[in-house]
Structure formats: structure tokens, C-alpha cells
Amino acid sequence: MAANTTNISIRMDADLKAQAETLFNELGMNLTTAFNIFVRQSLREGGIPFKISLNQPNQETIAAMLEAERISRDPSVKGYTDLDELFEDLKK
């Protein structure tokens with residue numbers, strides 16, 4: 001270990017850690033190297049080096065989801081279990 005290094009402890013879900021180790025090993029590095037790359041890039045960019053968002057749907061998407069839910073509960077709307085029947089009705 002180099003003279004200017006220090007140890008840190010990070011809590012992480014065991015399955016998540018295993019997946020990350022597999023990925024980073026395929027990339028030719030270990031978890032420590034990957035974490036160091038992340039920290040160095042964060043310092044270069046002055047923040048997290050990727051976009052972090054809640055992925056909340058916009059108003060148009062929310063409206064479409066509500067409409068789809070309403071349609072799915074409407075007994076007067078015909079449903080399909082046969083793709084050929086659906087396409088035949090679409091041709092009409």
C-alpha cells in the first residue's frame with residue numbers, strides 16, 4: 001500500500017457489491033480502483049460525474065398513464081387476447 005493512502009469503510013448491499021465486483025473485474029479493475037476513479041472524476045467535474053434524478057414522469061406521461069388506467073377499467077372498451085384479431089380491427 002502506498003504511503004499516502006488511507007482506509008475507508010463503505011456499507012453496501014452484498015448483492016450490489018458482488019454485481020459491481022463482477023463488472024469491474026470484467027473491466028480489469030477492482031472495487032477500490034473503480035471507487036478511486038469515481039472520486040477523481042468527481043473532483044475534476046466539481047460534482048457527481050453523472051446526472052442524478054428521481055426519474056419522475058412529466059405531466060404528459062402522468063396524464064397518459066391515468067388515461068391508460070381509465071381505459072383498462074372501462075368495460076365498454078374492447079380488449080384483445082388475439083393479435084390477429086387486433087390487427088383486423090385496426091384495418092377497419
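This is a predicted model: local features need pLDDT of at least 70, side-chain atom pairs count only at pLDDT 80 or more; totals for chains, interfaces and linings use all residues.
How exposed is Glu 88, in terms of relative accessible area? Glu 88 has a relative accessible area of 45% and is partly exposed. The points below set this residue in the context of the whole chain.

1. The protein contains four helices and zero strands. Read from the N terminus, the order of elements is α-α-α-α.

2. Overall dimensions. The radius of gyration of the protein is 25 Å, whereas a compact globule of 92 residues would have a value near 12 Å. Along the principal axes, the C-alpha atoms fill a box of roughly 75 × 30 × 25 Å.

3. Surface and burial. Of the 92 residues, 4% count as buried. The protein exposes about 8,700 Å², and 55% of that area is supplied by carbon and sulfur atoms.

4. Charge. There are 10 positive and 14 negative side chains in the protein. The centres of the two sets are 8 Å apart. Side chains of opposite charge can pair when their charged atoms come close.

5. Helix 3. Arg 70 and Glu 67 form a salt bridge through their side chains, with an N to O distance of 4.0 Å. Because these two residues are three positions apart in helix 3 (residues 59–73), about one helical turn separates them. Arg 70 is partly exposed at 49% relative accessible area, and Glu 67 is also partly exposed, at 44% relative accessibility.

6. Helix 4. Glu 88 is joined to Lys 91 by a salt bridge whose closest N and O atoms are 3.7 Å apart. Both residues belong to helix 4 (residues 83–91), where a spacing of three residues amounts to about one turn of the helix. The two partners fall into separate accessibility classes: Glu 88 is partly exposed at 45%, while Lys 91 counts as exposed at 65% relative accessibility.

7. One of the pairs is Glu 85 with Lys 78, with the closest N and O atoms 3.0 Å apart. Glu 85 has 34% relative accessibility and so counts as partly exposed. Lys 78 is partly exposed too, with a relative accessible area of 48%.

8. Ser 42 and Leu 43. Ser 42 is located in helix 2 (residues 31–45), and Leu 43 has its place in helix 2 as well. Is each of them buried or exposed? Ser 42 counts as buried because its relative accessibility is 13%, under the 20% cut-off for that class. Leu 43, at 68% relative accessibility, counts as exposed; the cut-off for that class is over 50%.

9. Surroundings of these two residues. With neighbours within four places in sequence left aside, Ser 42 is in contact with Gly 47, Ile 48 and Pro 49. For Leu 43, the model gives a C-alpha separation of 24 Å from Leu 16, which lies 27 residues away along the chain.

Notes. Residues are numbered from 1 along each chain as its sequence is written. Side-chain values use heavy atoms; hydrogens and water are left out. The radius of gyration is taken over C-alpha atoms; the globule rule is 2.2 Å times the number of residues to the power 0.38. Buried means under 20% relative accessible area, exposed over 50%, partly exposed in between (1.4 Å probe, protein chains only). Accessible areas come from the Shrake-Rupley method with a 1.4 Å probe; for residues, only the protein chains shown count as cover. Lys and Arg count as positive and Asp and Glu as negative; His and the chain ends are not counted. The place of a charge is taken as NZ of Lys, CZ of Arg, CG of Asp or CD of Glu. Contact means heavy atoms within 4.5 Å.
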